[in-house]
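Subject: Structure handover

Hello,

Here is the structure for you to look at. Notes on what was found in it follow below.

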Amino acid sequence: MSFVLHGLAVSPGISIGRASLISHATLEVAQYQVKERDVEAELARFDAALGAVRSELDTLKIEAGASLGAPAELSAFVDLHAMILTDPLLAEVPRQLIRERRCNAEWALVQQLEQITAQFDEIEDAYLRERKQDIVQVVERVLRVLLGHRRKLSRRGRDEELIIVAHDLSPADTIQFKKLKIGGFVTDVGGATSHTAIVARSLAIPAVVGLHHARSLIQEDELLIVDGTRGVLIVAPDQRVLEEFRLRKAELELERSKLQRLKTAHAVTLDGESIDLSVNIELPQDIDKVREVDADGVGLFRTEFLFMNRGDSPSEDEQFEAYRSVVKALPGKPVTIRSLDLGADKVTRGMRAAARIETNPALGMRAIRYCLAEPQLFLVQLRAILRASHYGRVRLLVPMLAHAHEIEQTLVMLSLAKTQLAEAKVKFDERIEVGGMIEIPAAALALGPFLKRLDFLSIGTNDLIQYTLAIDRTDESVAYLYDPLHPAVLRLIAMTIAAGRRAGLPVAVCGEMAGDPSLTRLLLGMGLTQFSMHPAQLLEIKQQVMKSDYSLLRGRVARLLRQDDPARLLGMLLKLNAA
Ligand code: PEP
Ligand code: MG
């Protein structure tokens, strides 16, 4: 039966494909005893399920090998799951339970899983304790086959994509999609500027979050349409609806391909103001997409994603190689590397395992606070960034600064890293530029120390909105309050841009507002000349820039900023965009 669910549109476009359910919990299974004469058949059913999952993992490995990016981590992950599958604890003990206690295969497997996970909970070592999740995932795969919901990864129709359906996805889960060919995803929870949503936009795959019950209502392999522009999910569409969406999808693709003509054009307004359009990236492999749109540089490299989905932290050399590869891929262009912004919704496996559960993680030990509390980790990253600075124009960007002493401490750490490298006779850019993110209202309201001590500013509107309006950006229940057009938010942004201009300090916006074409003119009118966004958004923003008159907008936006009434403000914005 066809039905429609509504959620938050977080990444535009249309995807038509088959549901692939992702679950983090053990599936509920029936528990019954098989008849004595059926025991052999039950054992054969269990063995067949193991065999099916084995070939499923083989297929996954082949698909990963064929897809772009660095498949090494994914292959290792598939290998680990294949190893778990053959471990006697999973392959043999459930057989004993089937034979001796005549349990049905699913029940035997779940009982054994419970035994194993209880033992894992006792383990002190955080990394090993984390492996429990891998075992759960393998068991879930086997259960899915036993329950008849086999994932038909290789049997999808030619034009059908794989759509991930999950209750929740962490940014660490989502970043793994960069290595797979995923058509789109939908989740029950999540906010529009959560990092899960941000990664979806960076992948340019349609996504809808905050659907509440999608995970429990949708079945494996069911046909789905994800409309990531309108925040709609259509389950089991009929032929007529399907045709309509296929048409719409083709139209969207045509529009996108038309934008390609702007690739080599300069982003200059009608009255000749040159605008810098840079990109945000999460991993070095994103650089291909940066080249595709011929961006002016990298305005934000979210380095914390290098630390996810692994048991340890990347070494100084590994980080250096990652940063250098980006710098070398963009000769002559600035690459803004942000120091670690871990915490809140972006956590590593180690942090998750060791976590004391914070009541308000977004207000807790995050970003620069975490780095200053873990000086060794911070120094390793600073040295790696400095080393990469020898190979091009690297800028260091520091997130979540609010206090003058945090700026001072950061600069002390940077000079310590420089001294260490100089002593080891390692080359780096002595005059590396250091910038601060303006994403806490206190920073925007008291910019003095930033203007005095730093070389540039970058406004993180995602967090600035979260902290100004006191709403958790990952919580779909307050997503309706997440409002980039709130007069308080607009004034903080405008004040920061104006103060930067007065002090002669470059100011960029690297939050999601920079990639929203309906806000381009507003930001231009505030005097913004540097935008950083996902590569997929860049050409559309360029189109807006080229249609705009910078000096005309300056006056009109000054009037808009004096407006307190939300409806009037919106009306003024619509007029601004229509002109
Ligand atoms: C922001 O807060 O706007 C930003 C760009 O950083 P992040 O989304 O990674 O917190
Ligand atoms: Mg931020």
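To start with one residue: leaving out residues up to four places away in sequence, Thr-187 touches Ala-166, His-167, Asp-168, Leu-169, Val-208, Val-209, Gly-210 and Leu-211, where contact means heavy atoms within 4.5 Å. Thr-187 belongs to strand S5, residues 184-187. Helices (H or I, at least four residues) and strands (E, at least two) are DSSP runs, numbered from the N terminus. Thr-187 is buried because its relative accessibility is 1%; buried means under 20% relative accessible area, exposed over 50% and partly exposed in between, with a 1.4 Å probe and protein chains only. Thr-187 and Ile-164 are 23 residues apart along the chain, and their C-alpha atoms are separated by 8.3 Å.

Some conventions before the rest. This is a predicted model, in which local features need pLDDT of at least 70 and side-chain atom pairs count only at pLDDT 80 or more, while totals for chains, interfaces and linings use all residues. Residues are numbered from 1 along each chain as its sequence is written, chains are lettered from A and ligands numbered from 1 in the order in which they are written, and side-chain values use heavy atoms, with hydrogens and water left out.

Ligand 1

Ligand 1 is surrounded by 17 residues, the closest being His-195, Arg-302, Arg-338, Asn-462 and Arg-473; a residue is near a molecule or strand if one of its heavy atoms lies within 4 Å of it. Helix H9 (195-203), strand S10 (298-302) and helix H20 (461-469) each contribute at least two residues to this shell. H20 gives the most, with three residues.

An oxygen atom of ligand 1 lies 2.7 Å from a polar side-chain atom of Arg-302. For Lys-346, a side-chain N or O atom is 3.1 Å from an oxygen atom of ligand 1. Gly-460 takes part through its backbone, with an N or O atom 3.4 Å from an oxygen atom of ligand 1. Taken alone, ligand 1 exposes 290 Å², and the protein buries 100% of that; accessible areas come from the Shrake-Rupley method with a 1.4 Å probe, and for residues only the protein chains shown count as cover.

The space taken by ligand 1 is the largest cavity. A cavity is a set of points, on a 1 Å grid over the protein atoms alone, where a 1.4 Å probe fits but cannot get out. A molecule sits in one if more than half of its atoms lie within 2 Å of its grid points.

Glu-439 lies in the loop between S13 and helix H18 (441-445). Glu-439 counts as buried because its relative accessibility is 2%. Beyond its neighbours within four places in sequence, Glu-439 is in contact with Pro-399, Met-400, Gly-460, Asp-463, Leu-464 and Tyr-467. The Glu-439 side chain reaches the backbone nitrogen of Met-400 at 2.8 Å. A polar contact is a pair of N or O atoms within 3.5 Å; within protein, one must be able to donate a hydrogen and the other to accept it, and residues adjacent in sequence count only if both atoms are side-chain atoms.

Gln-319 is in helix H13, residues 316-329. With a relative accessible area of 1%, Gln-319 is buried. Its side chain makes a polar contact with the side chain of Tyr-323 at 2.7 Å, and also reaches the backbone oxygen of Pro-314 at 3.2 Å. Leaving aside neighbours within four places in sequence, the contacts of Gln-319 are Phe-307, Pro-314, Val-380, Gln-381 and Ala-384.

Gln-537 is placed in helix H23, residues 535-546, and is buried at 15% relative accessibility.

Exposed residues

Which residues other than glycine have a positive phi? Lys-425 has a phi of about 60°, and Ala-470 one near 55°. Lys-425 is in the loop between helix H17 (404-423) and strand S13 (433-438), and is exposed with a relative accessible area of 72%. Ala-470 is in the loop between H20 and helix H21 (487-503), and counts as exposed at 68% relative accessibility.

Finally, Glu-100 in helix H4 (residues 93-101) is exposed at 65% relative accessibility. Glu-100 and Arg-491 are 391 residues apart in sequence and 72 Å apart in space, C-alpha to C-alpha.

Regards

Technical notes:
1 Å grid on protein atoms, 1.4 Å probe; cavity = no way out; pocket = protein on both sides within 12 Å on 5 of 7 lines; lining within 4 Å.
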